[in-house]
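Below is a brief report on one protein model.

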Amino acid sequence: MRHESLVNEDWTNVVARLGGAETLNVTARETKAFLRPREITNAVDLLRLILAYCLGERGLRSTAAWATSVGLVDISNVALLYRLRQSGDWLAMLVGQALAAAAPKASCGRMIRIIDATTVPKKGADARKRNQLWRIHSAFDLPQERFGHFELTDQQAGETLDRIAVVPGEIRLGDRAYLQPERMAILIEAGADVVIRAGWKSARWLDGEGDAVDLVAELRKAARGLIDRPIWIKRKRGAPLALRLVAVKKPEQAAAASRRRARRDAQRGGHQLSKQTLDAADWVILVTSLKPKDFATTDVLALYRLRWRIELGFKRLKSLIGLRGPPGTDERSARPHVLAHLLTILLLEPLIDELEDSPRLAEAA
């Protein structure tokens, strides 16, 4: 596995990419991950030890034994746990530095930023009983095809469109969970554009006069299975948000699959499926702030289809490096574990293109 090389033969390259040994020593001291040389004499060895534990399948005791056997450090499992719990802020700083190093420049054209969140379960019987999760909020930046933001929260923190700072000129893509009019307004005012998936009843739709729009009725009467028109969304505060509604009817096979999913969801939820929901299931509905003179209907639809890139990114995150439920039930133990994996995917991303089955190479071919 590629991630195993991070604690073996590629270690020198890893240290160099993180700024070198002296930089690691400085940042570890700044964040109080490494204060005085005792069993561990420097931050480089500390990072190698933490990654070996978080990325491997050994427990604390076995990792400590491995560290002794390879001559890295003679440390107890209790001391290793203490070091891990002290390392959260340091790993967060290293993740931030790795993200900043790969950040796309707005001057190179409009950045496309795909946002989404994924979850990993919390450990422990009580956490499983309560379905408690760690949520990883992410942004995937194009054309660089790199994660540009990570933030770790528990399940109480929802998915919010403006969680990530705006880069003026960016185009931010999100699914239905991000149809948040107040937050969309914040992004647009800061110089970004948005393309957001919508459900037929996920907003209060208005026309230019402030009157309610029956979105399903609009879909039913749409000629040629296509809509591109101005739309307004009512807000809790301030004037309605002026946007553009873009909707396209799905091919019959995809529409049938969507209707089946809608029926299953209604059955599981124990509620009656409405005719409006079934009719809307035949459509992909988007709202955007992009202007028709700059982005045609087909351009907006093509932009939203790029969302599969973050799905691929999440698969790399979860499968390539084997991210599972982190150990421990408290944030001090779980946060460093997840951050170690996020740091690893950032270090591995430039190597992905070297793989023969890289999707990017396949597209180029």
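## Helix H4 and its start

A side-chain oxygen of Asn42 comes to within 3.1 Å of the backbone nitrogen of Val44, at the start of H4. This counts as a polar contact: a pair of N or O atoms within 3.5 Å, where within protein one must be able to donate a hydrogen and the other to accept it, and residues adjacent in sequence count only if both atoms are side-chain atoms.

The model is predicted: local features need pLDDT of at least 70, side-chain atom pairs count only at pLDDT 80 or more, and totals for chains, interfaces and linings use all residues. Residues are numbered from 1 along each chain as its sequence is written, and side-chain values use heavy atoms, with hydrogens and water left out.

Helix H4 covers residues 43–55. Its 13 residues reach 18 Å from the first C-alpha to the last, close to the expected 18 Å. The expected span is 1.5 Å times one less than the number of residues. H4 is mostly covered, with 13 of its 13 residues buried. Buried means under 20% relative accessible area, exposed over 50%, and partly exposed in between (1.4 Å probe, protein chains only).

## Chain and cores

The protein chain has 16 helices and 9 strands. Helices (H or I, at least four residues) and strands (E, at least two) are DSSP runs, numbered from the N terminus. Of its 365 residues, 50% count as buried. The chain exposes about 18100 Å², and carbon and sulfur atoms supply 51% of that area. Areas come from the Shrake-Rupley method with a 1.4 Å probe; for residues, only the protein chains shown count as cover.

The largest nonpolar core holds 67 residues. Such a core is a set of buried Ala, Val, Leu, Ile, Met, Phe, Trp, Tyr and Cys residues joined through side-chain atoms within 4.5 Å. Leu24, Leu47, Trp90, Val195, Leu303 and Leu343 touch the most other members. H4 gives the largest share of this core, 11 residues. A second, separate core has 30 residues, including Ala185 and Leu245.

Leu47 has contacts (heavy atoms within 4.5 Å). Not counting residues up to four places away in sequence, Leu47 touches Trp11, Leu18, Leu24, Trp90, Leu91, Leu94 and Leu343.

## The sheet

The 9 strands form an open sheet with mixed pairing, in the order E3-E2-E1-E4-E5-E9-E8-E7-E6. The edge strands, E3 (146–154) and E6 (205–206), each pair on one side only. Two strands pair if DSSP finds at least two bridges between them.

| Pair | Sense | Bridges |
|---|---|---|
| E1 (residues 112–121) and E2 (residues 133–142) | antiparallel | 10 bridges |
| E6 and E7 (residues 226–233) | antiparallel | 2 bridges |
| E7 and E8 (residues 241–249) | antiparallel | 8 bridges |

Asp116 stands opposite Ser138 in E2. Trp205 faces Ile233 in E7. Trp232 has Ala242 in E8 as its bridge partner.

## Asp193

Asp193 lies in strand E5 (residues 193–197). Is Asp193 buried or exposed? Asp193 is buried, with a relative accessible area of 14%. Not counting residues up to four places away in sequence, Asp193 touches Arg110, Glu170, Ile171, Arg172, Ser289 and Leu290. A polar contact of 2.6 Å joins the side chains of Asp193 and Ser289. Asp193 and Ile112 are 81 residues apart along the chain, yet their C-alpha atoms are separated by 9.6 Å.
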